[in-house]
Amino acid sequence: MNTSIITRLNQGFLPLLSSIRNASKKTGGSSRNPPKHPRPKHRGWKVQDGHHVSAGTILVTQRTTRFHPGLNVGFGKNGTLFAMEHGKVYVTCEKIDPNWEHTWVQRCYAGREGQTIYKKFFNVVPEPQHQRFKLIDEV
């Protein structure tokens, strides 16, 4: 070794052999809403009882059949109820008489054989057409 380096080591001078490491990232804390959660689907009633709707208006979005189609109401492939005509929305609670021989009915309504079962139905009652036009002459 060189004598000048040895004298420097003896005098307390240390060569720069170690490097200083700075923090590049903070420690990760817990998150209450991690990024993998899907966005909410906003299912449920879209139109309330007594509102006026036009044809094609979505009345309800649902995953399981909680609400059933009534008069002038269509049932989509994904369970969506929509208005088939322009009119006023009425939501009724009606008594149903299921076919107890069906296996699906037996599974879904097990233990309710003697009870009356009520379901909510969406109905769209069309408004009467105006009578503003008069017949003047027939061809």
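How many helices and strands are there in the protein chain? There are 2 helices and 8 strands.

**Figure 1. Overall fold of the protein chain.** The model is a predicted one, in which local features need pLDDT of at least 70 and side-chain atom pairs count only at pLDDT 80 or more, whereas totals for chains, interfaces and linings use all residues. Residues are numbered from 1 along each chain as its sequence is written, and side-chain values use heavy atoms, with hydrogens and water left out. From the N terminus on, the order of elements is α-β-β-β-β-β-β-β-α-β; helices (H or I, at least four residues) and strands (E, at least two) are DSSP runs, numbered from the N terminus. Of the 139 residues, 21% are buried (under 20% relative accessible area, with exposed over 50% and partly exposed in between; 1.4 Å probe, protein chains only).

**Figure 2. The largest nonpolar core.** This core has 12 residues, among them Val53, Val60, Phe67, Val89, Phe122 and Val124. A nonpolar core is a set of buried Ala, Val, Leu, Ile, Met, Phe, Trp, Tyr and Cys residues joined through side-chain atoms within 4.5 Å. Two or more core residues come from each of strands S3 (58-61), S6 (81-83), S7 (87-96) and S8 (117-126). In soluble globular proteins, nonpolar side chains tend to be buried together.

Figure 3. Strands pair if DSSP finds at least two bridges between them. S7 and S8 run antiparallel and are joined by 10 bridges; in this pair, Val89 stands opposite Val124 of S8. Strand S2 (residues 52-53) also pairs with S7 in the antiparallel sense, over 2 bridges, and here Val53 stands opposite Gly87 of S7.

Figure 4. Contact means heavy atoms within 4.5 Å. Leaving aside neighbours within four places in sequence, Val60 is in contact with residues including Trp45, Phe67, Leu81 and Phe122. Thr61 has its place in strand S3 and counts as buried because its relative accessible area is 18%. Not counting residues up to four places away in sequence, Thr61 touches His42, Arg43, Gly44, Lys46 and Thr80.

**Figure 5. A nonpolar patch on the surface.** Leu71, Tyr90 and Val125 form this patch, with about 250 Å² of accessible area together (Shrake-Rupley method with a 1.4 Å probe; for residues, only the protein chains shown count as cover). Leu71 lies in the loop between strand S4 (67-69) and strand S5 (73-75), and Leu71 counts as partly exposed because its relative accessibility is 47%.

Definitions and conventions
Patch = residues over 30% accessible without salt bridge, like charges linked within 9 Å, V, L, I, M, F, W, Y side chains within 5 Å. Salt bridge = Lys/Arg side-chain N within 4 Å of Asp/Glu carboxyl O.
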